[in-house]
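Here is a short report on one protein chain. Its sequence and structure come first, and the notes follow.

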Amino acid sequence: EDASTTERLRFAVQVSAKWLTVKGKKDVLKELLSALPAETVIIVDAVSLAMAGQDAFNDLKELLTEYKLKLLLDNVEYLNFIQFVGYHADYIRFDARFFDTKDESYEKAFKFVKDYAKTINTRLVIKNIGSKEKKLFFANQGADVMEGSHVYGVKRQLSTILADFKMQSV
């Protein structure tokens with residue numbers, strides 16, 4: 001409820017691409033996704049989705065449209081560029097550990113991906129930002145969302161996440 005009323009706060013659910021390839025699991029996945037509020041972000045590993053094949057992707061796309069959910073493709077740094085172009089994800093997430101901020105070719109590559117993402121209305125998310133230097137690098141390069149030390153692991157109590165979130169946003 002809080003995620004649906006706060007623009008800056010999004011609820012995200014990790015979904016394995018295997019649910020789309022095992023017979024009978026798609027129906028279970030459909031039932032689970034139908035219970036989520038619209039605009040919930042569904043996180044799918046990009047490599048697993050690519051390996052699952054086009055039929056699995058088409059099924060996922062259909063479910064996302066039917067239930068008005070958002071797609072975040074994770075670990076896109078393992079794919080070649082042309083593979084994630086066709087997914088039309090709402091978010092694509094890169095791992096900051098793959099970027100060398102001292103090498104200007106990474107800056108050029110990030111700018112290329114950022115410009116492409118902007119063209120197709122996809123937001124760039126960066127995870128595993130471990131240093132102030134990398135935070136500054138991605139902030140200066142225009143990352144849309146940066147995950148770092150402020151990102152929480154699985155919490156059993158939503159109220160603990162919201163209390164921390166409200167404190168940080170003051």
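Which residues does Thr122 touch, not counting those up to four places away in sequence?

## Surroundings of Thr122

This is a predicted model. In it, Thr122 touches Ala89, Asp90, Tyr91, Ile92, Ala117 and Asp144, with residues up to four places away in sequence left out.

Thr122 sits in the loop between helix 6 (104–119) and strand 5 (123–127). Its relative accessible area is 5%. The cut-off for buried is under 20%, so Thr122 counts as buried.

## The chain as a whole

The chain has 170 residues, and buried residues make up 34% of them. It contains 8 helices and 6 strands. Along the sequence they follow the pattern α-β-α-β-α-α-β-α-β-α-β-α-β-α.

Take the contacts in the chain with a separation of 6 or more: residues 24 or more positions apart account for 60% of them. The accessible surface comes to about 10700 Å². Carbon and sulfur atoms hold 53% of that surface.

## Helix 6 against helix 7

Two packed helices are described by the angle between their axes and the distance between the axes. For helix 6 and helix 7 (residues 132–141), the axes come within 10 Å and cross at roughly 45°. The two helices are therefore oblique to each other. Their crossing is right-handed.

Helix 6 contributes Tyr106, Glu107, Phe110 and Lys114 to the contact. Helix 7 contributes Phe137, Phe138 and Gln141. By class, this contact of helix 6 with helix 7 has 4 nonpolar, 1 polar and 2 charged residues.

## Helix 2 against helix 4

Are helix 2 and helix 4 roughly parallel or roughly antiparallel to each other? The axes of helix 2 (residues 25–34) and helix 4 (residues 54–67) cross at roughly 25°. Angles under 35 degrees count as roughly parallel, so helix 2 and helix 4 are roughly parallel to each other. Their axes come within 10 Å, and the crossing is right-handed.

On the helix 2 side, the contact involves Lys26, Leu29, Lys30, Leu33 and Ser34. These meet Asp59, Glu62, Leu63, Glu66 and Tyr67 in helix 4. By class, the contact of helix 2 with helix 4 has 4 nonpolar, 1 polar and 5 charged residues.

Technical notes. Residues are numbered from 1 along each chain as its sequence is written. This is a predicted model: local features need pLDDT of at least 70, side-chain atom pairs count only at pLDDT 80 or more; totals for chains, interfaces and linings use all residues. Side-chain values use heavy atoms; hydrogens and water are left out. Helices (H or I, at least four residues) and strands (E, at least two) are DSSP runs, numbered from the N terminus. Buried means under 20% relative accessible area, exposed over 50%, partly exposed in between (1.4 Å probe, protein chains only). Contact means heavy atoms within 4.5 Å. Accessible areas come from the Shrake-Rupley method with a 1.4 Å probe; for residues, only the protein chains shown count as cover. Axes are lines fitted to C-alpha atoms, for helices over the stretch in contact, and angles run from 0 to 180 degrees between N-to-C directions. Angles under 35 degrees count as roughly parallel, over 145 as roughly antiparallel, 65 to 115 as roughly perpendicular and the rest as oblique. A crossing is left-handed if the near helix is turned anticlockwise from the far one by less than a right angle, and right-handed if clockwise. Ala, Val, Leu, Ile, Met, Phe, Trp, Tyr, Cys and Pro count as nonpolar, Asp, Glu, Lys and Arg as charged, and the others, Gly among them, as polar.
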